[in-house]
Every structure is written in structure tokens, then in C-alpha cells.
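User: I have a chain open on my screen and would like to go through it piece by piece. Can we start with the rings and then move on?

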Amino acid sequence: PFWFGPDAIGKDIICPRDGQPGCALVDTLRPRFRRSCTHFLSWVWSYPILDVRNALQIWTEEDGLDPETVFLFMCFFVNNQFR
């Protein structure tokens with residue numbers, strides 16, 4: 001997983017919420033990729049990430065959504081996996 005090991009994503013970035021090393025994945029993204037959420041996505045770790053990606057692609061296409069304007073609240077991205 002992305003939060004384990006010597007190269008864990010966000011391991012050396014200071015968390016903006018508690019000031020400690022290790023931040024949520026969303027905190028590693030450039031500001032243009034971070035906005036207030038437009039949709040909530042519930043999921044579980046047993047879902048293959050490729051299935052989630054494909055489902056999101058189908059959903060945006062079928063609903064005529066512009067992926068550039070869709071911002072998901074997804075625990076995978078916003079929960080600090082270092083805590």
C-alpha cells in the first residue's frame with residue numbers, strides 16, 4: 001500500500017491538521033487537484049482500484065459529467081493513513 005515502507009507517499013510531508021510528519025494522500029496533491037467535494041464515494045479496501053476507476057469513468061460518461069469538475073470525498077484520499 002501507498003502508506004507503508006520507506007517511500008510511502010506523504011510520509012515526510014507535514015500534516016496541515018496536526019503539524020506532525022505524515023499527511024493524507026489529498027495533502028500531497030497540487031492545489032488545482034483539490035477542491036470542495038462534489039460527491040461522496042463509499043468503498044472498501046477489497047475493491048480493486050481498477051474496478052473503482054472503471055466505474056467512475058462509466059458514471060461520468062453516462063451522467064455527462066466533466067471529470068475535471070468532479071471532486072470526490074473518498075476515505076482512501078482524505079483519511080491520514082499514518083495515524
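**Rings, pocket and one asparagine**

Analyst: Trp43, Trp45, Phe76 and Phe77 are linked into a cluster by ring pairs. Rings of Phe, Tyr and Trp (its six-membered ring) pair if their centres lie within 6.5 Å; planes under 30 degrees apart count as stacked, over 60 as edge-to-face and the rest as tilted. This is a predicted model, in which local features need pLDDT of at least 70 and side-chain atom pairs count only at pLDDT 80 or more, while totals for chains, interfaces and linings use all residues. Residues are numbered from 1 along each chain as its sequence is written, and side-chain values use heavy atoms, with hydrogens and water left out.

User: How many aromatic pairs are there by this rule?

Analyst: The count comes to five aromatic pairs. One of them joins Trp43 and Trp45, a tilted pair with 5.2 Å from centre to centre and 55° between the planes.

User: What kind of pair do Trp45 and Phe76 form?

Analyst: Their ring centres are 5.5 Å apart and the planes stand at 65°, so the pair is edge-to-face. This pair links distant parts of the chain: Trp45 is in the loop between β1 and α1, Phe76 is in helix α2, and 31 residues separate them. Helices (H or I, at least four residues) and strands (E, at least two) are DSSP runs, numbered from the N terminus.

User: Is Trp43 buried or exposed?

Analyst: Trp43 counts as buried, at 9% relative accessibility. Buried means under 20% relative accessible area, exposed over 50%, and partly exposed in between (1.4 Å probe, protein chains only). Phe76 is also buried, at 12%, whereas Trp45 is partly exposed at 48%.

User: What does Trp43 touch?

Analyst: Leaving aside neighbours within four places in sequence, Trp43 is in contact with Val52, Met74, Cys75 and Phe76. Contact means heavy atoms within 4.5 Å.

User: New topic. What is the volume of the largest pocket?

Analyst: About 740 Å³. The search runs on a 1 Å grid over the protein atoms alone: a cavity is a set of points where a 1.4 Å probe fits but cannot get out, and a pocket is an open set with protein on both sides within 12 Å along at least five of seven lines; lining residues have an atom within 4 Å of a point. Grid points are joined across faces, edges and corners, and the volume is the space filled by probe spheres set on the points.

User: Which element gives the most to the lining of the largest pocket?

Analyst: α1, with seven residues. The lining has 24 residues, and Phe33, Val70, Phe71, Leu72 and Phe77 lie nearest the centre of the pocket.

User: And by class, what is in the lining?

Analyst: There are 17 nonpolar, two polar and five charged residues. Ala, Val, Leu, Ile, Met, Phe, Trp, Tyr, Cys and Pro count as nonpolar, Asp, Glu, Lys and Arg as charged, and the others, Gly among them, as polar.

User: Now the asparagine. Where is Asn80 found?

Analyst: Asn80 is in the segment after α2, and counts as buried at 17% relative accessibility.

User: What does its side chain reach?

Analyst: The side chain of Asn80 reaches the backbone oxygen of Gly22 at 3.1 Å and the backbone nitrogen of Phe82 at 2.9 Å.

User: Last one. How many helices and strands does the protein chain have?

Analyst: Two helices and two strands, running β-α-β-α from the N terminus on.

Definitions and conventions:
A polar contact is a pair of N or O atoms within 3.5 Å; within protein, one must be able to donate a hydrogen and the other to accept it, and residues adjacent in sequence count only if both atoms are side-chain atoms.
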